[in-house]
Each structure stands twice: as C-alpha cells, then as structure tokens.
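Dear colleague,

Please find below the structure I promised to pass on, together with its sequence. My notes on what was found in it follow directly after.

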Amino acid sequence: MSDGVVKILEGNTFVVSDDRGDIEASMSDPTGLFSFDTRFLSRWVLSIDGERLNALSTDDLQYFETRFFLVPGTGTVYVDSQMSVIRQRAVGDGFFESLTILNHQDKAVDATVRVDADCDFADLFEVKDALEKKGKYYTSVDNGRLLLGYERGPFKRETLISASEPAQIDEHGLTFAVTIEPHGRWSTDLEVVTALLGFGDERARTKYGRGSRHAKPNMERDLEKWIADAPALECDWDSMKTTYRRSLVDLAALRFSPLTASGRSLPAAGLPWFMTMFGRDSIFTSLQSLPFAPELAATTLRELGERQGSRTDDFRDEDPGRILHEMRYGEMTAFEERPHSPYFGCADATPLYVVLLDEYERWTGDTKLVRDLEYEARAALNWIDQYADLMGNGYISYQRRNEDTGLENQCWKDSWDSISYRDGRLPGFPRATCELQGYAYDAKVRGARLARLVWNDPAFAEKLEKEAAALKRRFNRDYWVEDGEYFALALDSEGKQVDALASNNGHLLWSGIVDKSKAKAVARHLMGPRLFSGWGVRTLAEGEQRFNPIGYHVGTVWPFDNSFIAWGLRRYGFKDEAATIAAGILDAATFFEGRLPEAFGGYERTQTKYPVQYPTSCSPQAWSTGAPLLLLRTMLGLEPIGEYLAVDPALPQQIGHLELLDIPGRWGHMDAFGRGRVDVAKRTTRRKG
Amino acid sequence: MPATKQTGEPSTQGFFDELGAQHQPLLAKTTGTLRFDVTESDNLECWHITITNGDVVVSREVADADTIIRLEKSLFDEIVCGRANAMAAGLRGELALEGSPELVMRFQRLFPALVAGRTS
C-alpha cells in the first residue's frame, strides 16, 4: 500500500481512498468502498468550481473515522487559500460524510461543489485478478437520491447516495450551487448506503449517519476498556511498551463479528483485504492472544464450530469434521466461480482447532465450552484419521479436489514454490508437510486430556494417547534427515523425504512431537547461520536451492512463525534461544513503530542493519499483531499449571525490568515480573567474517 | 458422520423423513423453529421444522416460526437432494429470509453432500 492511501473500516466494510478522500479506482486498482467483499463505490471525487482539492492534512480519528483538511487547487499550498474544506467520513453499512466549506474572505462567494460517483461492483477476487463483469448495471435518480445498481439474475447490489442539502443529481453524481457568506460556512451530509438485496436486511441508512438508529459508538471508550481489560505492561525498554500498545490497538481493529456471533468478535486475518474468518489465522491469533484477551479464542472456537464441514463436497474441498479455511460473500462466491462459501482447503486448521480448545481450557478453566464443543472436537479428531490420511501411511497430507480454484498448498506456507527438496525440485501431490504431523500429535495428546477431564471418556483418551505415541515414534523415524540432523519439510507422494531445511522445525518443537534426543540438533539449526538472520528464523535455510531472502515463503522472516518457534524452543528448555528470537523480532518491531509486518527480508542483520519489509497489501496482519503477545508469554515463561500460573522468566538483557500485571485466567488475575538477563549475542552461531 | 443418509433416490420427502427419524448431533445445541415456504407458480408448500436440542419434528403446517425462508421449489429440491449449495444460493439472493440467519446456517449443514461435486 503506497503512502497517502487512507483506510478506514468497520467489520468487513472499509474505504480505501487517497489522502484527499477521493476514490478513483480501476478494475485492477484496489481502492474504493467495500462491503461483504464487493466494491460499492469505485469513483468518489470532490471538486469545487471544476478544480480538484489538495490535502493539507489527514486525521485518523478512529479506525472507522477519518477527517481530511483540504484546499482548492493543486500544488498551490504556498498561496493562502480563500477557502478550506473539511471532509469527515465514518464507515458503517456504507459511509457517512460531512462536507464543510469555509469561506475565509470578507465577501460572499458563489461556488459549484461537485461530487462524482460511480461503481463497478467488483468482487474482491475480481479486483485481485482483474476479471470482467458478467451482469448488467443500472442507474436511476429519484426522490433526491442517486441509485447505482448491478444485477446478475437474482443477485443484486446497490449503492444509494443522498445529501442533506438540495442538490442537482444526475447519473454521475451530485452538484451543489452554493453561496457562502463572508467568513461563513456551508455544509452538507452525504450518505452512501450499501445494499445487498434479498439478503434479509435492506438497509436504508448508514450505521453512523445522522438520525440513524445506531448511536455512534464511543470508540475511544471502547478502546480504553479493551486496553484496560488486557494486562498492563511496565518495562524499562520503552519500545516494548510501544509495541505492546500497538498490538492491543491493532487487535481491537481486527475484531470481526460474524452475523451469527451475537456481537462477539474473533480476530479476522488482516486489514483491510482479509477482514473475514480464516480458520488458520483466527486460530493462531487466538492462541497468541490467550493470556491477554481469552474471549477471542472462545468466539473463534464457537464460530468455526458452527461452520465445521459436515459432508463431502469436492468443489469446496469440504469433509465432515474439517475446519474452514476462508469465508467470502461476493459475487464470484455466490455464483460458485470461487469456492469460498465457505472453502475448506486447509490441512492445519482442523488439528489446531483441538489444540486451541485445550489451550483455552488450560488458561480459563471454561469446561462448559469444552463440553459444548465436544461433538465438534471429536469430529475434528476424527477428520485427522478418516479424511486427512490421503496416502494411508498414518500422516496428514493434502491434495486439492477442486483443481480449478482450490488451493494447491494447504499449509500456512501456501505459495506455489514453498515446499521443495534441497535441490529445488517441487514434490507432487499429496504432500505431507512435517508441521501438520506435529499439530496432529498435539491435537491427540490434548484431545486425550479433554476426554479424560471433561468428556468423561477415559477409553477415548487412552486410544488417542496410544495413537499419539505411535505417531511420534513413526514421525521421528520417517522425517528425520540423518545426514542433516533435522526434520524433512515434508514426505512426498511416495513417502520419500522432501529434504529442505525450513523453519517448520520450530513448529515441531512447539507441538512436542520431537524426541528429546533430537531437540538439541533442531535448536542448533534454528539458531544457526543458515536459518537465523539476526532478526529471526528464516522460512527456508540459506543454501537451499530455492532460498531467496525476499521470497515469500522461501527465505523471508515471519514474525508469526518466529513467535511459535520461540514457544517451541521454550517447551524443550531452550530458554535463552527463545529469548534471542524474541529480542530479534521485538527489535525489528521498533523499526515499524511497533506494528510488525507480515514478513521481512531474510537478509543477514549485520548486512542491512534494518529489517527490509516484504511488500504486502495488508497491515496490520492479525498473526503479526499477535506475535509480540506470544513472545511476551514465552519470555516470561507463563504456563498454566492446574489452577496456578507458573512464571519462569528468561528475558533478553536489553529489556531490563518487565512486569505484566493482571493476567486473566482461571486463577483470577496474576502478575508476572522479570528482569533481562539473557545475553542474546552469545546464543547464536554466527557466521565468521 | 454425514448428516443424513438417504436410501434410494434422494427426494425432498425422503430427506425430511430421515431428518425426523433420528437425533441430529449437528443441532444438539439448537432449539427453535424454522419454516421453508416453497413456491411454484401459484402454489405454496410449507415445511415446518421444530428443533429441540437436536430432536427434530417435521410437519407441513403453516405455523409460526423463528425463521422463515422463502424459495422456489426447483431450487429447494436441488438443495435438499444435494445438487445445489444453500449458502451460495443465499449469497445469490435466492433465499428470502425472515428472522435469524443463525438457524439457517446451522440447518443447512444437514443438507446432503453435493452429488457430483459442483453444480451451478
């Protein structure tokens, strides 16, 4: 996203405009007003007497509200303007814009104010892939309202535009002939309503417009409460405090409330393009934020459970018990040109669902939810063995059944070249990536605990434990690359090792599937020069044929990945190593004012001195937002043990004194304290010279 | 674990017979009433469903319901026989909904698997 692009949102409605507040989208240009994955305005341009405006400043009042200060003319900011314009916009079921023009002269002025409007009703997927529309457009002007519409059979989407002041409305916009008194002002309210016809609710007004039935929420207060409810952080290192606060605020903005959640929220994947439910992203982010905002995990579990697969559907890669990958609402999904209604093609969310349920109970003691979701959890565990073992070798593997629009790689490293052999060849399908086996192992171990503790089914618990033990044994034999002393990235369709060295090894530590005797070698690799860049662990090791420090999943460093790797290192007792990773990622965060990008370049830290951001369109990204939270948990060694919270800090020296106060959980609220003692410089095997 | 297993040719009647015959674990946490108003030119047929924690009673009464879904008979038959997907039909605007979408969302998971993968 280039500078000067302003994003505001509420739920899955958002506006992307330039710094004047104007929208001039093309089919391939991702600006506009979007709602339910459809563009509802592709042109929204303000001019006065035929002249475009110039931005003086932009204020983000809230994440759903922005104010633009403008003057007429272009490039003439050095000349004192005789007029200024304030454009204030709030999003919610469309948007509401207050337009005010101030006359700074001693005499009255006449002006023609024009707002051009148009819409292409593009589906988000069409914007991404620049596709042609199949339906037809219609426009009408009546009752002081401009209606822009699009229909394709029964599918109808409309944008309704109106103003509070008299306007001349034509099919391309609104014109106001105004006279402004000396030192006076003129203003109008513009309302843009998005309508999904036949979808149950036909909205006539924007959510936060004047006279709307929704009182405009006091977001300031909502945000203050959100932050007050989270543990308080005190720390000698100011950057840590900045990063922590940024994470909490961004997590608030990323809250997404599905139609069925009665107002409760779960973390969406990223802002603005991924403001929807994603199985994997919502689960990982919920895990990261458990010690801080455990209610996100509860909603994630409930809502994903509501949508759990119930049948076999090849187009959607759905199986009974499978947890969804992604849900979308746009035209292409509606006409089944895309499978996202919802789409299930992901191999990790299902075991991770059980992992989250157990981890949630360990923190909160909420056995009621575990009881409520027994059916869903059992169905998820059943999926692992009955539907995910495509090769019949006891491992989860994936191969899409929707070969047209399904996902090829159904693990978190989902780009085309992410899974390779050392020599760069790509394996065929099915593919059984290693971390999936770790998640399956963990799901079985944790499922067994829940079966014994809550479901009162010791026989099922025993069965799961036996399966887990057998899986661990086989895994440590079949995936271990003898000559490299690490776990292979995957097994291919013939059961042979896909032998590249990758960050997935860290997730294996997190899952606990690694034999104790092998953990040291794995940790050595993670902290060694081929994987550790100085900022964090690279997705793929230097020296592998496909390694590229700016390759999406083949060399970049992902904060989310690293937060789980650090957790894994801690699990096997490598406290200092975990602290070293935390130090690197948190150092990197200081270059982004606390907002970690999805990924940054895998260049050697000593070479670039600063983390080179990988260009992505989404910011903040949920699991990057969650990374500092999980790193805090990891550094403090927070672990629920029975009814207590164990604290065992191992903090990097630079952090100094750190306290995390009022950590919520089954113990009520607890405080954790620590002092930085780990000299991170000693913990990496740096390259010489 | 498929929600309902029909024997022989799938049919709307068969689907609902099957539905009422056994406890539905997918609806175990659900209590409420749902009515499908199925239209075919001037004809209206109703399927009224009472769900009590997974136990389902089906009738043809035109009784009140928490959620009412109005749709065309051809589409209804396709959905109930596993030849069309209800969620996609909803997004296309082919289901007119009154009441809570939650109940429909839950109920649609009981519709059978798509017969030959995708239909459009």
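Which residues in α4(A) are buried? They are A:Gly279, A:Arg280, A:Asp281, A:Ser282, A:Ile283, A:Phe284, A:Thr285, A:Ser286, A:Leu287, A:Gln288 and A:Ser289. Helix α4 of chain A, residues 279-289, is thus mostly covered, with eleven of its eleven residues buried. Please bear in mind throughout that this is a predicted model.

I turn next to the interface of the two chains. On the side of chain B, 30 residues are in contact with 37 residues of chain A. The size of an interface is often given as the accessible area lost when the parts come together. Between chain B and chain A, the buried area is about 2,900 Å², and carbon and sulfur atoms give 54% of that area.

As for specific interactions, eleven residue pairs are in polar contact across the interface of chain B and chain A, both residues being at pLDDT 80 or more. The elements of chain B that give two or more residues to the side touching chain A are α3 (86-92) and α4 (101-107). The largest share of that side comes from α3(B), with five residues. By class, the side of chain B that touches chain A has 16 nonpolar, seven polar and seven charged residues. The count of salt bridges between chain B and chain A is three. In a salt bridge of 2.5 Å, N to O, the side chain of A:Glu306 meets that of B:Arg106.

The cysteines were also examined. A disulfide is a covalent bond between the sulfur atoms of two cysteines. A search of the whole structure, over all chains, finds zero disulfides. For B:Cys46, the closest cysteine sulfur is that of B:Cys81, and because the two sulfurs are 18 Å apart, they are too far from each other for a bond. B:Cys46 has a relative accessible area of 5% and is therefore buried. In chain A, A:Cys119 likewise counts as buried, because its relative accessibility is 6%.

One further position may interest you. A:Ser397 lies in a loop of chain A, between α9 (374-386) and β21 (432-433). Leaving aside residues up to four places away in sequence, A:Ser397 touches A:Ala388, A:Leu390, A:Met391, A:Pro430, A:Arg431 and A:Ala432.

With kind regards

Conventions. Residues are numbered from 1 along each chain as its sequence is written. Chains are lettered from A and ligands numbered from 1 in the order in which they are written. This is a predicted model: local features need pLDDT of at least 70, side-chain atom pairs count only at pLDDT 80 or more; totals for chains, interfaces and linings use all residues. Side-chain values use heavy atoms; hydrogens and water are left out. Contact means heavy atoms within 4.5 Å. Buried area is the accessible area (1.4 Å probe) that two parts lose on being put together, summed over both. A salt bridge is a side-chain nitrogen of Lys or Arg within 4 Å of a carboxyl oxygen of Asp or Glu. A polar contact is a pair of N or O atoms within 3.5 Å; within protein, one must be able to donate a hydrogen and the other to accept it, and residues adjacent in sequence count only if both atoms are side-chain atoms. Helices (H or I, at least four residues) and strands (E, at least two) are DSSP runs, numbered from the N terminus. Ala, Val, Leu, Ile, Met, Phe, Trp, Tyr, Cys and Pro count as nonpolar, Asp, Glu, Lys and Arg as charged, and the others, Gly among them, as polar. Buried means under 20% relative accessible area, exposed over 50%, partly exposed in between (1.4 Å probe, protein chains only). A disulfide is a pair of cysteine sulfur atoms within 2.5 Å.
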